[in-house]
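Work through the exercises below with the structure open. Each task is followed by a solution in steps.

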Amino acid sequence: MSSEEDLLANYKKAYDNRVGFGSRPALILIDFCQAYFEPGNALYSEVDEALESALRVRAAARAAGVPVVLTNVVYHPTGFDGGRFYEKAMPLKNFLKGSPMGAFGPGLEPFDDELVVSKQYPSAFFGTSLASTLTAAGIDSVILTGLTTSGCVRATCVDAMSHGFRTAVVAEACGDRHDAPHEANLFDMNAKYADVVGEAEVVAFLDGLKA
């Protein structure tokens, strides 16, 4: 048995469960900001395919009348509100208020009926009103896409589950600067916090919600 097969067998003894999609989902697109698509930028990653996948999921969500939330990271021009996260992660200077690197990535300008949540820390829930907003709207589940898998997607995933939302993570619609942390974090999220699903599965689910 290979080491990978041994790992999967080991995890299946404890972690081999799916919770499924909820009945009132919201789609969250996490931090698809220009810095990740800008060659030469410290945050540049080859994540174009992740954005393209997320845009297809977004189109399916909109067609089904599912609420769409976009997140970005915005700091005071001094960085004062970034705290220890800003102190530790130097590339966050790309997200000082007014920086073009903080703009949404190609093709991802928010529609008027989409909610934009600006945050200062990894999770879309930490220090924001997102959980209260979703709960008040009767949302019982979230579908996550975004950047990066090992950072803000994972943090949002853990907090979504912790707030009581059924959580799905769309594998092809998430990206990272390296395959190893991307795959490791998808594996771990699927084991403990969420259902990691494929784009085709989530689009089929959204298509089934159409009136």
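**Exercise 1. Locate Ser-23 and state whether it is buried or exposed.**

Step 1. Ser-23 lies in the loop between α1 and β1; helices (H or I, at least four residues) and strands (E, at least two) are DSSP runs, numbered from the N terminus.

Step 2. The relative accessible area of Ser-23 is 55%, so Ser-23 is exposed. The classes are buried under 20%, exposed over 50% and partly exposed in between, with a 1.4 Å probe and protein chains only.

Step 3. Arg-166 is 143 residues from Ser-23 along the chain, and their C-alpha atoms are separated by 9.7 Å.

The model is predicted: local features need pLDDT of at least 70 and side-chain atom pairs pLDDT 80 or more, while totals for chains, interfaces and linings use all residues. Residues are numbered from 1 along each chain as its sequence is written, and side-chain values use heavy atoms, leaving out hydrogens and water.

**Exercise 2. Describe the burial of β1 and find its partner strands.**

Step 1. Six of the six residues of β1 are buried, so β1 is largely enclosed by the rest of the structure.

Step 2. Pro-25, Leu-27 and Leu-29 point one way from β1, and Ala-26, Ile-28 and Ile-30 point the other way.

Step 3. β1 runs parallel to β4, with six bridges between them; two strands pair if DSSP finds at least two bridges between them. Ala-26 stands opposite Val-142 in β4.

Step 4. Four bridges join β1 to strand β2 (residues 68-73), also in parallel. Leu-29 has Leu-70 of β2 as its bridge partner. Between β1 and β2 the chain passes through helix α2 (residues 48-63), in a right-handed β-α-β crossover. Right-handed means that, with the strands pointing away from the viewer, the path from the first strand over the helix to the second runs clockwise.

**Exercise 3. Explain why the pair of Phe-21 and Phe-205 is classed as stacked.**

Step 1. Rings of Phe, Tyr and Trp (its six-membered ring) pair if their centres lie within 6.5 Å; planes under 30 degrees apart count as stacked, over 60 as edge-to-face and the rest as tilted.

Step 2. The ring centres of Phe-21 and Phe-205 are 4.1 Å apart and the planes are at 10 degrees, so the pair is stacked.

Step 3. Phe-21 belongs to the loop between α1 (3-12) and β1 (25-30), and Phe-205 to helix α7 (residues 199-207), 184 residues apart.

Step 4. Phe-21 is partly exposed at 21% relative accessibility, whereas Phe-205 is buried at 18%.

Step 5. For contrast, Tyr-121 and Phe-126 are edge-to-face, at 5.4 Å centre to centre and 75 degrees between the planes.
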